[in-house]
Amino acid sequence: MALPFLPGNSPNERLGKERFHKSQHFDYSSGVPMLVGSEKPGIGGEHLVGQEIKPKYSVYPIGSGTGLPPWVTFDKQVLCFDAYFQETVPEAQSETYRIRKCKIYFFLEDDTIQVVEPEYKNSGIPQGTLIRRHRIPLPPPNEGQFYNLFHFNINQQMKLHSRTFTVTDCDSFTRNFLTKLGVHVNNPTTVPEDPYSSLREQLKKSMQPLRPYERHDTLKQFLDHDRKVLRFYCFWDDSQSIYVDLRELILHYFLVDDTIEIREVIPPNSGRDKVNKFLRRCRLPKHVPAKVKQPGEITDRTVLNVLTSSTMGNRYILDSLKTGAVHEEFYKDCDLIIGGEVNVWGRRVILADCDDFTKHYYRAKYGIEDFTPLQYKAPPAPKPPRPVPPYNGFGSEEDSLSFCQRLLPKPPRKDFQKFMAKDRYGLDSKVLNFQAKMITADPVDRERVFIISFYLSNDTISVFERPQKNSGVLGGKFLERGRVKKPGQELFKSQLSQYFTAQDLYVGATLCLNSINFQLLDADEYTFKYMEQHAEEFPRANMGIIISKLRSLPEEKQREIRKFLTLSDPSNTGFIPFESIRSLLLGLDCNLSEHEVLVLGRCFSEREQTQVDVGLMLAVAQDFLKKKAFEEFPKMARAFADHDRHKTQRLSTKAIRTICKAFHLPVPNSLLEGLLSKP
C-alpha cells in the first residue's frame, strides 16, 4: 500500500547530512566574468543530475593506495621516455623533413608532463623545453580527460598539443615501475635517421681547420698532480772555480707540468750574495744545445708554406707529419734518483737526499725502496761548551741563569700546563696536607704540632702551626709558601738547586725545611685518596710495588708473618687488628715505610659503619619544621590514611616519599632518606 505524497510521509534526504555548502559557479578569467560551475558539485558536494566530475588524480586518488597523498608518496619520482617527432621543412633545398629527438618526463606526484629537447651545437633551432610542465588533455573526442601513466608505452605514438611524438625507449626505473603495475612494456625501437644531421656529420669529418691547430690536453695531469712537488737535496761540485767548495742546492720538481726549480742554500757568514733562485722554474733539457735557439724557432707545431703571393697573401697548412719539428729531451721524474746527476745547463748537480713525500711517491709508482742518502759534507763540529758562571746570590737561580743565556733576558717560564692540570678546581684543592712534629731535643718544641701543605700546582710548601693552650708558643704561619731547597747542596754553584717534590712527602718521612727537621706523622683523608688514585706518580702509595716488596722478602720472614697471622686470628675470622700487623711489618725490617703500611692497611681493611642516633635525627627534623612553621600535619595524616587501604598501619617507602614531596615537607633530602631507611 503506497502512502500519499503528503507532508510527513515523504522521506527527508537531509537526515544525517553535515555539509550543506554551495559551490561557487562564477569566477573571473583574464578579467572577464565567466560561468565555471559546470564542473562544480551541488549542495554538500553531491553531484548534480547527469554531471560527471573529472578525477583530479587519474591513477592514485587521495584516500587510496598507501594512505598518503600522492605528492608525498611519489615525491621526486619521474618516468622518463625517449621520443622523437618529425618536423616538415618546406623552404630548404638540402632537407625536406627533420627528425628531432626529445625526452618526455611524466611526474607521478601530480600527473604532469614535460617535454625537453636536448640542445645541439650550431643547430639554429630554439631548443630546450618544448612543452612546459602541466597536465595535458587527451586529443578529441576525449579532451575532457588527461594523460595518465597508462597512456604511455614504448613503440607507440602520442599526440601532445597537435604534435605527434613516437616513444622509442625508457629508462630502467620507468620499465620496472610500469611492470609492477601490470603494464606490458613493448620492446624499444630505433630512431629513424635524420638526413640533414647525417650530412652535417659527413661535412664535419671531411673539414680541415683553416688555421694550424693542435690540441694538447693537460687537464688530467693538472687534476691529478696539482700542488704536488718532489723535493731533492743536492749539491754542485764547483771545484773548478777559484773558491773550491760545495754549493748546497734544493731541487723542486713540479709534477703538474714537469718543470724544475732550483734554490741555493746559502749558509750564514759565507760571503755570498743571496739570490732568489739558482734556476727559475722551467723544463730542463737533458742535453745542452750548442747554440741557443732563437725565439719562435722551437714551437709545439709546425706549418708548411703552400702559397706565397704579393697580391693574395700567404697560405699555410698544418704539418701533420711534423717534418720540421725540433725534438728535445727533458728531465722527467723517472730520471731523478738519489746518487744520480742532473745537467743544469753545463753544471753537474748530484742528488744526495729527498724528503718523505718524494720517497713515498717513488715507492708507490716505481717500487724503489733504497733511499740511502749520500754523505757529501763533513759532520758538523761539536759546539764548544758554554760554562755557566756560579750563582752569585742575587735573585733566584732561574732568573740569574736567564741573564747568561741571552743578551736580552726574559723572565723564567713557568710550567703552565702543570698549573692548569693541578690547580684548584671546585672542591678539589690539589693540596697535600701532612701532620708533623719537630725533631729536636727541646721538650717544648717536641710538643708542637705542625701542618705541612704541599701545593701540586707549583711544588710550593707552607707550614702552619696549630695553637695550643698554655704552651707558651704562638701558633699561626710558621713558613711562608714557597719552594724549599733540599739540604746538603752548595749555595754558589753553576747547576740549578734541587727542590722538594710531591714524591718526597709521605707518612714517616723526615724533611729538613730551612735547617729544621720535621717528621711527618699522619695525613688527611684527601691526601691518602689522591696519592692512591695517582699511584703511578707516588710509588709509596702503589699497591703493586708494596706487594712486590713483600713477595721479595726472605723465606724466613714470610714464614714468620704467616705464623703471626695464624696466631692473631685463632677463630679464623679473616680479620686481625691493624696495630698488630703494623708492629710486625715495622719490626721485621721489611723495607716498608710508615706510609706504605698505612696504604696496605687501607686497601685490605673493613671499616665499620657508624650508627647514627635516630633520636638526634628526629630532633634535627623537628627543628627544621619549627623554623619553617609547617602546619600541614592533619592533611598529611589524612593522605597517609587514604593510601593505607587495607588498614595495616604500614606504607612503602616510595609512597611515604611521594606524600612528603607532595606536601613540600621542609626537610633536607639526605635527612629524609636517612629517616626512611631506619626500621
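These are my notebook entries on a predicted model, written for someone opening it for the first time.

**Entry 1: the annotated domain**

I started with the record. UniProt, in an unreviewed entry, places the feature "domain: DM10" at residues 75-182, 226-366 and 428-535. I then looked up two of these spans in the model. Residues 75-182 are 8% helix and 44% strand, and the end C-alpha atoms of that span lie 22 Å apart. For residues 428-535 I noted 12% helix and 37% strand, with 18 Å between the end C-alpha atoms.

**Entry 2: a sheet of six strands**

Next I followed an open sheet of 6 strands, and I wrote down its order as β12-β11-β10-β9-β16-β15, with antiparallel pairing. Which strands stand at the edges? They are β12 (279-282) and β15 (341-344), and each has a single partner strand, so one side of each is left without a neighbour in the sheet. From one strand to the next, the twist averages 35°.

Strand β15 runs antiparallel to β16 (residues 347-354), and 4 bridges join the two. Val342 has Val349 in β16 as its bridge partner.

Glu328 counts as partly exposed because its relative accessibility is 31%.

**Entry 3: a hairpin**

My next stop was the pair β21 (residues 510-513) and β22 (residues 516-523), which run antiparallel and are joined by 4 bridges. Leu511 stands opposite Phe518 in β22. The two strands form a hairpin with 2 residues between them. In the turn I found Asn514, with a positive phi of about 55°.

**Entry 4: charged pairs**

Side chains of opposite charge can pair when their charged atoms come close. I therefore turned to the salt bridges, counted with a limit of 4 Å between nitrogen and oxygen. The count comes to 37, and I looked up three of them.

Glu261 and Arg263 meet at 3.4 Å, N to O.

Glu397 and Lys485 form another, with the closest N and O atoms 3.1 Å apart. This pair links distant parts of the chain, 88 residues apart: Glu397 is in helix α6 (residues 397-405), and Lys485 is in the loop between β20 (476-482) and β21. Glu397 counts as buried at 6% relative accessibility, whereas Lys485 counts as partly exposed at 32%.

Lys627 and Asp623 meet at 3.5 Å, N to O. Both lie in helix α14 (residues 614-628), 4 residues apart, or about one turn of the helix. Lys627 counts as exposed at 63% relative accessibility, and Asp623 as partly exposed at 37%. I also noted a network here in my list: Glu87, Arg100 and Glu117 are joined by salt bridges that share partners.

**Entry 5: a nonpolar patch**

Last, I went to the surface. Val32, Met34 and Val36 form a nonpolar patch there, with about 220 Å² of accessible area together. Val36 is in the loop between β2 (32-35) and α1 (70-73). With 32% relative accessibility, Val36 counts as partly exposed.

Definitions and conventions: Residues are numbered from 1 along each chain as its sequence is written. This is a predicted model: local features need pLDDT of at least 70, side-chain atom pairs count only at pLDDT 80 or more; totals for chains, interfaces and linings use all residues. Side-chain values use heavy atoms; hydrogens and water are left out. Patches are made of residues with over 30% relative accessible area and no salt bridge: like charges are joined within 9 Å, nonpolar side chains (Val, Leu, Ile, Met, Phe, Trp, Tyr) within 5 Å. Accessible areas come from the Shrake-Rupley method with a 1.4 Å probe; for residues, only the protein chains shown count as cover. A salt bridge is a side-chain nitrogen of Lys or Arg within 4 Å of a carboxyl oxygen of Asp or Glu. Buried means under 20% relative accessible area, exposed over 50%, partly exposed in between (1.4 Å probe, protein chains only). UniProt positions are given in the numbering used here, feature names are shortened, and annotations may be inferred rather than shown by experiment. Two strands pair if DSSP finds at least two bridges between them. Axes are lines fitted to C-alpha atoms, for helices over the stretch in contact, and angles run from 0 to 180 degrees between N-to-C directions.
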